Amino acid sequence: MAIQRWHWGKIVILWAWGGVLVALFLTRFLSQKAEVDPGISSLTFLGSVLILGALTAVTWFWLGGKDDTSTDR
Amino acid sequence: MRSAILVAAALSLGSVGPSAAGQDAVELVSPTAQIPRGMYKTWSLFLVCNPDWVAPDRSTDLANLYRRFKSFGDAIGRDNLAVWFWKRRVSVNDPRLVENVDVARSAEFCRALGRAPSQGPYLVVTTAYPDVAAFPKERAIFELGGLPPADLAKLLNTLTDQLLLQGRVDAAMAAARPLTPPRPATPPTTPSTSGLWIRLLEGARQSMVGFGCKVKLQIDAGPLNAELRECTEQ
């Protein structure tokens, strides 16, 4: 019988590192006005969005899914 | 402290000073003197580094700009400092007024800011001390060169309101202004993509900051108590 199973340990590790990166990026993004250095602001803002998107995709496609309970416990 | 200063040369002994009346808010120092540090919230530099503006036929425009500067310097209050660079003391009605502008000193600031002199004069507002060797990154730059008198008055009035009431200016307003004055012979231009993108970024930033300021987080874990209050000032 196939059930939904999540790899909680991997998810925690992945999102912990990703969260640290996003926190650093957002801190830099929020620390100064966009007019001061548009390049850095763009990089940090888009970087934050991309990292969150990538973490979501990785979590959804590779860290969760349907596994057979008879072989994976 | 004065709300405005006039940077002029000390070798002006015996010269006619600026119009005797209405100069209470102006402080005279030598060209090599430092801009006062004081306890100001902001410094507003009027930079005339455009050689076109010191041509003899621009004397009237320059005098008008200087009068605007004086009014602006008085109106922004004692916590904010407005700065103008002269070489020496002369009357504002002097026909050779343009020769008295300390273009060289303004040019140093224009170079530090990476701004083309041809697009000046500039009004630069900063919340940190304007050291030409290490100019603060938190600054708002306004191009005054192509502004009609009415637009110049409107801009200075808006900046006066913000400086007096908020102690700072909205940098987005400077970014939203066109980098070059519109030319009558060319059709109106649409805002540049980079300008639009910068405004989007700033909007996102302001939204995040504003959202964070609306959240009040309180943690009570026995002996350890922590509380994050809402922002009082952005």
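## Chain A

The buried residues of helix H1 of chain A are Ile11(A), Gly18(A), Val22(A) and Phe29(A), where buried means under 20% relative accessible area, exposed over 50%, and partly exposed in between (1.4 Å probe, protein chains only). Helices (H or I, at least four residues) and strands (E, at least two) are DSSP runs, numbered from the N terminus. The model is a predicted one, in which local features need pLDDT of at least 70 and side-chain atom pairs count only at pLDDT 80 or more, while totals for chains, interfaces and linings use all residues. Residues are numbered from 1 along each chain as its sequence is written, chains are lettered from A and ligands numbered from 1 in the order in which they are written, and side-chain values use heavy atoms, with hydrogens and water left out.

Helix H1 of chain A has 24 residues (8-31), and at 1.5 Å a residue it should span 34 Å, which agrees with the 33 Å between its end C-alpha atoms; the expected span is 1.5 Å times one less than the number of residues. Chain A contains 2 helices and 2 strands, which follow the pattern β-α-α-β along the sequence. Of its 73 residues, 27% count as buried. Among the contacts in chain A (heavy atoms within 4.5 Å) between residues at least 6 apart in sequence, 78% join residues at least 24 apart.

## The interface of chains A and B

In this interface, 13 residues of chain A are in contact with 15 residues of chain B. The two chains bury about 1400 Å² between them, 69% of it on carbon and sulfur atoms, buried area being the accessible area (1.4 Å probe) that two parts lose on being put together, summed over both. In chain B, the residues that lose the most area to chain A are Leu201(B), Arg205(B) and Met208(B), which together account for 38% of what that side buries.

Between the chains there are 4 residue pairs in polar contact, both residues at pLDDT 80 or more; a polar contact is a pair of N or O atoms within 3.5 Å, where within protein one must be able to donate a hydrogen and the other to accept it, and residues adjacent in sequence count only if both atoms are side-chain atoms. Helix H4 (171-176) and helix H5 (193-214) of chain B each supply at least two residues of the side that touches chain A, and the largest share, 9 residues, comes from H5(B).

## Salt bridges

A salt bridge requires a side-chain nitrogen of Lys or Arg within 4 Å of a carboxyl oxygen of Asp or Glu. By this rule there are 3 salt bridges over all chains, and 0 across the interface of chain B and chain A. In one of them, Arg205(B) pairs with Glu202(B) at 3.1 Å, N to O; both residues lie in helix H5 of chain B, 3 residues apart, about one turn of the helix, and both are buried.

Glu143(B) and Arg115(B) also form a salt bridge, at 3.5 Å from N to O. This pair links distant parts of the chain, 28 residues apart, with Glu143(B) in strand S6 (139-143) of chain B and Arg115(B) in the loop between helix H2 (103-113) and strand S5 (122-126) of chain B. Glu143(B) counts as buried at 12% relative accessibility, whereas Arg115(B) is partly exposed at 25%.
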